[in-house]
Amino acid sequence: AIIGGTRFIPINTLTRLGASLGRKESHKSKKARRAEMTEVSHILFPDMSASDIEAMVDRNWSFIGETMLKIANLKRIALKSQVEIEGLDRLAEFHSNKRPVIIAFVHLGLWELCALWLATKKINPFAIYQAPSYPLRANISRRMRLKAHAALFPGSSHLSRQETSGRLLEGAPSATRKVLRGLQAGKTAWFAVDECVAGHVHGPWFGKHWRREGNLEVVAKFATKTNAVIIPTWCLKTPNGYKLTYSEPIEPETKTWQDL
């Protein structure tokens with residue numbers, strides 16, 4: 001009902017509403033997480049005043065709330081937002097030449113746009129995702145992604161939706177094997193390298209080594225096994241919209257699978 005109702009709210013109002021909900025949620029049911037953020041911020045920014053840190057934490061929760069409502073309206077946001085693109089043509093050239101590509105993205109800005117803009121180049125990436133535990137929410141999120149991708153795909157949106165649906169995979173060993181076969185066939189895959197598993201973010205941070213169970217390890221192994229080029233990818237919010245960066249390619253080292 002909430003998602004349906006937000007479809008009729010102007011985007012600027014949607015942004016303010018999401019920000020307000022994010023801040024309220026942080027004080028209501030996310031107090032422990034908010035306290036952790038505040039504690040870490042004092043360590044990272046020792047010269048910042050307590051009031052400035054409080055304002056920064058508020059901005060963070062505002063952005064979380066805004067992002068959640070915008071993801072629920074992804075098709076409308078994608079079609080109406082001003083989006084600046086960097087590096088997508090280079091990625092598309094790899095794809096057209098049947099070179100396997102691994103997009104290694106992080107959850108910045110409205111990160112879903114980075115996957116959606118692949119549709120403008122007729123690229124349907126393999127993606128493994130963790131579905132919401134509630135079946136209704138899982139169905140809504142899947143349908144939302146498929147509709148938004150089809151809206152940006154040139155030509156037949158029906159064919160795009162069918163193909164995209166077959167490559168949007170819930171996490172399981174069979175999904176991993178399917179992605180690997182896709183890369184071996186020269187396709188594109190999409191991995192979050194800052195994904196959260198068992199309450200921990202599996203990425204290198206503050207000088208520590210990465211946790212080897214995470215997607216960074218999977219990306220490195222898959223790239224080496226399939227000779228896939230790795231494209232670090234991120235989205236940042238700009239004053240007028242968003243900027244998507246498909247960065248310089250990283251070539252895999254020439255090792256065999258048995259060496260890893």
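A salt bridge is counted where a side-chain nitrogen of Lys or Arg lies within 4 Å of a carboxyl oxygen of Asp or Glu. Arg34, Glu54 and Asp58 are linked by such bridges into a network. The structure is a predicted model, in which local features need pLDDT of at least 70, side-chain atom pairs count only at pLDDT 80 or more, and totals for chains, interfaces and linings use all residues. Residues are numbered from 1 along each chain as its sequence is written, and side-chain values use heavy atoms, with hydrogens and water left out.

By the rule above, the count of salt bridges comes to 10. Side chains of opposite charge can pair when their charged atoms come close. One of the bridges joins the side chains of Glu86 and Lys243, at 3.1 Å from N to O. Glu86 lies in strand E1 (residues 82-86) and Lys243 in strand E9 (residues 241-246), so this pair ties together parts that are 157 residues apart in sequence. Helices (H or I, at least four residues) and strands (E, at least two) are DSSP runs, numbered from the N terminus. Relative accessible area is used to class residues as buried (under 20%), exposed (over 50%) or partly exposed (in between), with a 1.4 Å probe and protein chains only. Glu86 is partly exposed at 39%, and Lys243 is partly exposed at 25%.

A further salt bridge is formed by the side chains of Glu248 and Arg90 (3.6 Å, N to O). Glu248 belongs to the segment after E9 and Arg90 to helix H6 (residues 88-96), so parts 158 residues apart in sequence are tied together. Glu248 is exposed, at 53% relative accessibility, whereas Arg90 is partly exposed at 28%.

Arg99 is bridged to Glu251, with the closest N and O atoms 2.6 Å apart. Arg99 sits in the loop between H6 and strand E2 (101-105) and Glu251 in the segment after E9, so the pair connects parts that are 152 residues apart in sequence. Arg99 is buried, with a relative accessibility of 17%, while Glu251 is partly exposed at 46%.

Glu66, in helix H4 (residues 50-71), is buried at 5% relative accessibility. Not counting residues up to four places away in sequence, Glu66 is in contact (heavy atoms within 4.5 Å) with Thr15, Gly18, Ala19, Lys237 and Tyr242. Glu66 and Ser20 are 46 residues apart in sequence, and their C-alpha atoms are 8.2 Å apart.
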